[in-house]
Amino acid sequence: MEVLTVDRANLLSSASNSSSQQELATKVEQTHRLTILLKHCSEQLLAEYVRHQGEPFSSPDFQPPPMAVPGLPSPSVSPEAWLALGDGEQLRHLAMAYATLPRLLASVQQQQNELNPSASELHQQLEAAVRQCRGLAGNLEGIMGALGVSSPPPPSPSPSSLPTSAFLAKLSGYHVCRQHRDWARRSHDTLVLLSAKYPL
Amino acid sequence: MWDNPSLRCLPAIAFLYLLSLICSQETGFPGAPQNLKCVTHDLNRTICSWDAASSASHGLTYKICYVNREPSSSECIETEEKRVDVPVTTGSTNIVITTLNASGTPLASETFVLPMENVSFIPFTPQILSLSPDFSTYTLHLKWNDTGSVFQYDLDAHWQIQILHKETMETVTLVNYDSKLTSKDTILSWNWTSDMPLECTSHSVKIRCYINESFFAGRKEWSEWSPIKTVPGKDVDPGNAVVFPEDKVVPVGSNMTFCCLYNEEECIRCMKYGSRSYPVLHLSKGRSAIKVQNVNASNSSGANVWCSLLPDIIAGTVLFVGYAPDKPQNLSCETRTFIIITCRWNPGRPTRLSGHRETQYILSERTSRKNVTCSINELNEKEHHCDFPVYTDQQIYSFTLTASNPLGQAESSLFIDINQRVNLETPDKFTVSINSSTNAHLSWYIPGNLTQIRLLCQIEISNSSSEQLNVSMAGAENSNYRATADALRPYTMYTFRVRCSASEHFWKWSEWSKEQKLMTLETSPARGPDIWRERNPVGETLRVFWKPLLRSEANGEIVSHEVSCCLQETMLQAQDVPVPLNSTEINLGGSDCVISVVAKNRGGSSPPSRISSVDLPSDNVKTELAIATGDGIYISWHSDPSVTCGYTVKWCSSGSEPCSVDWETFPSNATDAVLKSAMFQPGVRYNFSVYGCKHNGYQLLQNIVGYMKELPPRVAPRFTVEETSSDSILVKWEDIPVEDCRGFLRGYVLYFAKGEKGTSKPSFMEEGSPELLVKNITDLTKKSLRILDLQGKTSYRLDLRAYTVGGLGPSNDLYVVTKENSMGLIIAILIPVAVAVVLGVVTSILCYRKREWIKETFYPDIPNPENSKALQFQKNICEGNTALKTLEMNPCTPNSVEVVETQSTVPKIEDTEMKSPVVEYEIPEDGSDPETGSHVVVSYCPPIIEEEEISSPPVDESGESSQVIYIDIQSMYQPQVNLEEEPDVNFLTSAGYKPQMQLSVNAMKMESHSPTEDDLDETAGYRPQANTNAWKLDSPDSPISIESNNENGSFGSPCSINSRQFLIPPKDYEDSPSHNNTGWSFTNFFQNKPND
């Protein structure tokens, strides 16, 4: 697990000189590697999650209609539209998502403790996902600082409205895991572009 | 029957009633009251109403007067309504209803007689006070007032409650409910549990009443239904479809109804429980349900029930299916430290529920009134446990363990005395210290406040075997405990471990502590070694032997043995012999001494073992035999009263040289012993010497030889035949070497029987043939044996074996032929000689007497073949050819044919060959001249003399009988042949008949070959025309065989020669070569001539 701490004071507002360029490129590459890991882990997590929820979640053709997860921006923009957003905007969206995802994943884990107390592998993966998301959020913040992109406002601490029924808990957990996976893909796409722009 | 006043009045009332009807009809006033109906609700007042069929009824008033018969009373009421309230009486009531106009003028009057029977009792319509739903339990709580205060006395009330659901008000159920009315108002309540969640659809309830008053004579009827009370189903917002019930926990096997509530614009696609679809029941618009029977236990996260809606909405719920908790099994509580009590139990069947639905255990104690909630992970633990604190001054604990989950609860109880349930912690910090050869100090630590009990600790001390040492000690608080183990063996490796329990009330041993291994220290050997000495026969040295001490006696590792020689307290010499030597030599220097041997280890020296070096002289020492016992040797000796310090039996344990000395000592009163040693081997002879220990030295008393186990001899005795005669054999044998006897020799067995060399050996012994004779020789000094009564000139087989107690040894056998009987031989020679002489004389006489006849028969002066018997043998062979006798002596005209022409060679020969049979009869034979009468042929058919113009050349040379003139060609060669022929053959061939073929064949050959010996040989004898070779070969038809026939044609086949007619076939046949090779008949054989 790779967590990068970013010392914002040392970041330059613009990547003007070469040393800061190099620093940025290193940061981008590290973040890129983290997104590769995250992408892989998020797919595994989703598979592991549905495996424990019973039918219809474990059915391979289970495709419930998208459900808005409170507090989490939806990554439902088409890939073309996403790429058209530009680096700064993409990073801002990612930062917003990863500011929220750890809390959501933690609440999913809380729900699964109740529903599937013996699914230790699922719990481990959820814990790992929380750590990875926090790490990625930190990395994104660092890159945005280096690029001079303004950070989004911190997410309002929305009252954690835990689902009232077990089925809703399963369903919302599913959506969190799925959006986690989608955001991991999207962040990977963004970081691929960025690492091409800022090679080592 | 008529005791009842109402019944007694019945005929009268009926009459009056009929009369009143008639009367009212008689008035004819249209507004007159009719159809009086009376009802009571409270059995107190009767409400009567009637019809007044008047169109102008307004302004009319009614005056009602009713008269009760019993008690007799009368009352009148005026009212504008067409009903009146009269009291209920037991008897009948006369009611007179007068219709008055506005001015009070009576218009009509009617009198009704109202018997009690005509009054209906209809209770008041009940009112539902409340209907409240409990959605979680699908239960409707219904409350209503029984209005019992209406009645003055207790009554039985029956209620009917009808449950309806859906908007269409379908009846779900109709339930009867009984209650007692107690003359005061009571709120009755009743619960009903639906099998469908109450959210699914609306549920309605109505109620009615029936009061069974047995003394009421009139009709009793159900009350009206109460107004309906409804609990509506749950409404949903658009897009927020829900499935009910939510997160319900039910026991396995329940029947469930799930409903899906959705917006009316939405449309249900399917509804599933788990992965299975169920038929959807439509409750109403936007409400659908499924029924699932007998649900199975769900997994941890529950079974999902969901409905799929159009457009693309999913709604669901989770059903948790499991079991109520089992009663906790095998609940047991014990303490380890007197700080907490640990209770353990087996939860029984898993409930299959997890999370907050899993079983909660609460351990409660009655005396202290304390409860402990046990945190247990049901999924991870097989055996559950829970800790309860130990309270000071409380010894008795009464526990109740309650298990509960949403499906139920169960409990188990246990009553314990804490002092009787002590299972101590495993002893820790276990140490053992040893500082002597027999003692060990042990120490260990046991945690816990054990002051109120005594401990019993068990120390296990083991080396090859193990023993347990129990020690009891007072308990202390978190203390070390000590113990000492003594009576240990020196220089021994011991393994120690310890465990403890409460000594007063044993409950359980603690676990064993860790093991400690230690060795005790060495100490001096417990005793001196066993010693023996042997004087060297040469010289004055003495060899001292000792046996190593047992490990248990050595008390350490023996380092050396000190051997000393003392004479009256004066040490003459001493030496220290290191291990592993077990003997040493001492030079006595002419004087005897007492030898002492001391074994030494690091712990010290053993007490000395002493032995005198003096050997007392012994005479007349006998050697006796020991008895083999199979696993030892039993020896015995004669008691000697002068022996004071025991006997010593000494032997060589190796059985042979070099001797490794072994000995054993016995007390003075012993006279026998069974010696056992691992060194003893079966079949080996051991020599034992018994010495007596006397006050002044050792004396050899006796020698004993013996075996541990006797075996059959290893070898057979060597024996020879010394002498044979015609009826006896003298056999001699040699002793078997002692080492081959393998036991004490008991004798020999001699087997003998007739037998030739080459008969199989084992069968000799095993067949037990009747001729087999056995001689057992038990006298071992005898070394020879004469076998008598044998047959002369007969081969005998002898077999000699030695035997011991162990059995017969291997055999050695010999074949002997007895000598011939000489008289018999003489007789056997003389008789044939005499017979031969007599026969010779008789023959001579006969021959002499019949000499004339013999001469005629066998040696006539002129032989007559016709009469010659000697020459008629071929008749038997060639019987078919009767015409041809031996020699058909046709009149011979010798010299009558003269060849005057010379023919070309080859064609001539061919001609001759082919034509000869044809011309056979025309041309007289010339081969045999009658004038050559001296020539006699005896042993075979004479050759056919059928030559035309060819005759054998020797004839020419002999000159004696040759009358044939040879053709020029033949004469060219013939002389050569002749030169090489023997004179006899020459004579024979020239004198006898010539075979037809001889010349032609030769002539043929000669053309192509130079004359060789072989060729010439052929010319000498007769040439049969038959393919003689074919008779020998398997394939007579092959050309090679035909050819070889010519080369190797054999003599003396008279038949072929006689069969003249076939020997030379017609030319036709000759031309076709194929003919030569066909068939396998005699005819063909004769036709097979050389083609070349």
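Okay, one definition before we start: a charge sits over a ring if NZ of Lys or CZ of Arg is within 6 Å of the ring centre and within 35 degrees of the ring normal. Keep that in your head, and keep in mind too that what we're looking at is a predicted model.

So, chain B. Find Arg497(B) and Trp512(B): the arginine lies over the face of the tryptophan, 4.1 Å from the ring centre. Now go to Trp507(B). What lies over its face? That's Arg421(B), at 4.3 Å from the ring centre.

Next, rings with rings. A pair of aromatic rings is described by the distance of the centres and the angle of the planes. Searching the whole structure turns up 33 aromatic pairs over all chains. I'll show you two of them.

One is Tyr494(B) with Phe496(B), a tilted pair, 6.1 Å centre to centre with 45° between the planes. Buried or exposed, then, for Tyr494(B)? Its relative accessibility is 4%, so Tyr494(B) counts as buried. Phe496(B) is buried as well, with a relative accessible area of 0%.

The other is Trp733(B) with Tyr748(B), also tilted: the centres are 5.4 Å apart and the planes make 50°. This pair links distant parts of the chain, with Trp733(B) in strand E58 (residues 729-733) of chain B and Tyr748(B) in strand E59 (residues 745-754) of chain B, 15 residues apart. Trp733(B) has 5% relative accessibility, so that residue is buried, and Tyr748(B), with a relative accessible area of 0%, is buried too.

Over to chain A, still with aromatics: Phe57(A), Phe62(A), Phe167(A) and Tyr174(A) form one aromatic cluster.

And now the helices. Look at H3, residues 87-115 of chain A, against H5, residues 166-197 of chain A: they pack at about 150°, with their axes 8 Å apart. Angles over 145 degrees count as roughly antiparallel, so H3(A) is roughly antiparallel to H5(A). H3(A) passes H5(A) in a left-handed crossing. Who's in that contact? By class, 15 nonpolar, 8 polar and 4 charged residues.

H3(A) has another partner to show you, helix H4, residues 120-147 of chain A. Their axes come within 9 Å and cross at roughly 165°, which means H3(A) is roughly antiparallel to H4(A). The crossing of H3(A) and H4(A) is left-handed. Sorted by class, the contact of H3(A) with H4(A) has 20 nonpolar, 4 polar and 3 charged residues.

That's my tour, thanks!

Note on methods: Residues are numbered from 1 along each chain as its sequence is written. Chains are lettered from A and ligands numbered from 1 in the order in which they are written. This is a predicted model: local features need pLDDT of at least 70, side-chain atom pairs count only at pLDDT 80 or more; totals for chains, interfaces and linings use all residues. Side-chain values use heavy atoms; hydrogens and water are left out. Axes are lines fitted to C-alpha atoms, for helices over the stretch in contact, and angles run from 0 to 180 degrees between N-to-C directions. Helices (H or I, at least four residues) and strands (E, at least two) are DSSP runs, numbered from the N terminus. Angles under 35 degrees count as roughly parallel, over 145 as roughly antiparallel, 65 to 115 as roughly perpendicular and the rest as oblique. A crossing is left-handed if the near helix is turned anticlockwise from the far one by less than a right angle, and right-handed if clockwise. Ala, Val, Leu, Ile, Met, Phe, Trp, Tyr, Cys and Pro count as nonpolar, Asp, Glu, Lys and Arg as charged, and the others, Gly among them, as polar. Rings of Phe, Tyr and Trp (its six-membered ring) pair if their centres lie within 6.5 Å; planes under 30 degrees apart count as stacked, over 60 as edge-to-face and the rest as tilted. Buried means under 20% relative accessible area, exposed over 50%, partly exposed in between (1.4 Å probe, protein chains only).
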